[in-house]
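Hi everyone, thanks for making time this morning.

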Amino acid sequence: MAFMGLSLSSPSQLLLGMVVLWLLSSPAFSADPDPLQDFCVADLNAPISVNGFPCKPITNVTSDDFFFDGLIKESNTTNIFGVNVTAGDVRSFPGLNTLGISMNRVDFAQGGVNPPHSHPRATEIGVVIKGKILVGFVTTGNVFFSKVVTTGQVFAIPRGLVHFQLNVGKGKALTITALNSQLPGATALPLALFASNPSIPVEVLTKGFQIDDDVVKSIRSKFGV
Ligand SMILES: *[C@@H]1O[C@H](CO)[C@@H](O)[C@H](O)[C@H]1NC(C)=O
Ligand SMILES: *[C@@H]1O[C@H](CO)[C@@H](O)[C@H](O)[C@H]1NC(C)=O
Ligand SMILES: *[C@@H]1O[C@H](CO)[C@@H](O)[C@H](O)[C@H]1NC(C)=O
């Protein structure tokens, strides 16, 4: 039997071929695994580290474990981006452990931008509660999709893609977003590239962006590097 250009004669070679095919077809990003029980409220102080958190004893679980009031308050947007993301993920809301979901509150000052970033482990859906936001994302083929959304309108960002939100309205804006991971992660490109610790070698950035050293220095200085 021929398989991907190889001649597979024995059952073990066929099995190897199937494993290779399975590995090749696995997505580069994957969502949270399915839960194996109704819930598993995180014991954030457990001394062991696993993929997620261990469950706290079921007899300790209360109604409060499934409620979270951390998104009630407007957050302080006095920073260089004019944006503040308050995360309702497993770290602040341990009841989400193994449930594959989380929710953020994003406050925008007038003109504030949630700079280009990506969530490696989640697709995002968001609703504008207040204001007018330009939402955009770029595909892996560098195609840009964007739209101005306003109060009550909903937007979606495919998992892992680079995206941003810019407040284009008058005054403050607020969005609530939901992500299909208990801990979606966020890579903010300006910080990942220009404010990492330790720093990325300058020649990677000058060559990568086709800019001079002083531009790299200037951008870094904006982030206190
Ligand atoms: C569970 O509750 C017991 C009794 O209140 C307490 O001593 C223990 O620390 C709790 N364990 C966790 C992981 O919350
Ligand atoms: C976000 O807001 C919180 C609460 O107002 C504040 O403690 C925190 O410093 C702010 N973060 C940034 C990056 O501005
Ligand atoms: C917001 O943060 C800025 C910068 O950290 C600070 O100067 C200001 O007092 C804060 N505002 C409030 C209302 O806490």
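Lys56 is partly exposed, because its relative accessibility is 23%. Please keep in mind as we go that this is a predicted model. The partner of Lys56 is Asp65, and the two form a salt bridge with their closest N and O atoms 3.2 Å apart. Asp65 itself counts as buried, since its relative accessible area is 13%.

How many salt bridges does a search of the whole structure find? The answer is four. As a reminder, side chains of opposite charge can pair when their charged atoms come close.

Let me show you another one. Glu74 and Lys172 meet through their side chains in a salt bridge, at 2.9 Å from N to O. Glu74 sits in the loop between α1 and β3, and Lys172 in the loop between β10 (162-167) and β11, so this pair ties together parts that are 98 residues apart in sequence. Glu74 is partly exposed, with a relative accessible area of 45%, and Lys172 is partly exposed as well, at 46%.

Next, please find Asp89. Asp89 forms a salt bridge with Arg91, and here the closest N and O atoms are 3.5 Å apart. Is Asp89 buried or exposed? Asp89 is buried, with a relative accessible area of 7%, whereas Arg91 is exposed, at 56%.

Arg91 also brings us to Leu44. Leaving aside residues up to four places away in sequence, Leu44 touches Phe53, Val90, Arg91 and Pro94. You'll find Leu44 in the loop between α1 (11-25) and β3 (83-88), and it is partly exposed at 37% relative accessibility. Between Leu44 and Pro54 there are 7.9 Å from C-alpha to C-alpha, and they are ten residues apart in sequence.

Now over to strand β11, residues 173-179, where Thr177 has its place. Thr177 is buried, at 3% relative accessibility. Which residues does Thr177 touch, not counting those up to four places away in sequence? They are Ser102, Met103, Asn104, Glu124, Ile125, Gly126 and Phe155.

Last stop, the surface. Glu203, Asp212, Asp213 and Asp214 form a negative patch there.

Terms used: Residues numbered from 1 in each chain as written. Chains lettered and ligands numbered in written order. Predicted model: local features only at pLDDT ≥ 70, side-chain atom pairs only at ≥ 80, totals over all residues. Heavy atoms only, no water. Patch = residues over 30% accessible without salt bridge, like charges linked within 9 Å, V, L, I, M, F, W, Y side chains within 5 Å. Areas by Shrake-Rupley, 256 points an atom, 1.4 Å probe, with all protein chains shown as cover. Lys, Arg positive; Asp, Glu negative; His and termini not counted. Charge placed at Lys NZ, Arg CZ, Asp CG, Glu CD. Helix = DSSP H or I, 4+ residues; strand = E, 2+ residues; numbered from the N terminus. Buried < 20%, exposed > 50% of the residue type's maximum accessible area, 1.4 Å probe, protein only. Contact = heavy atoms within 4.5 Å.
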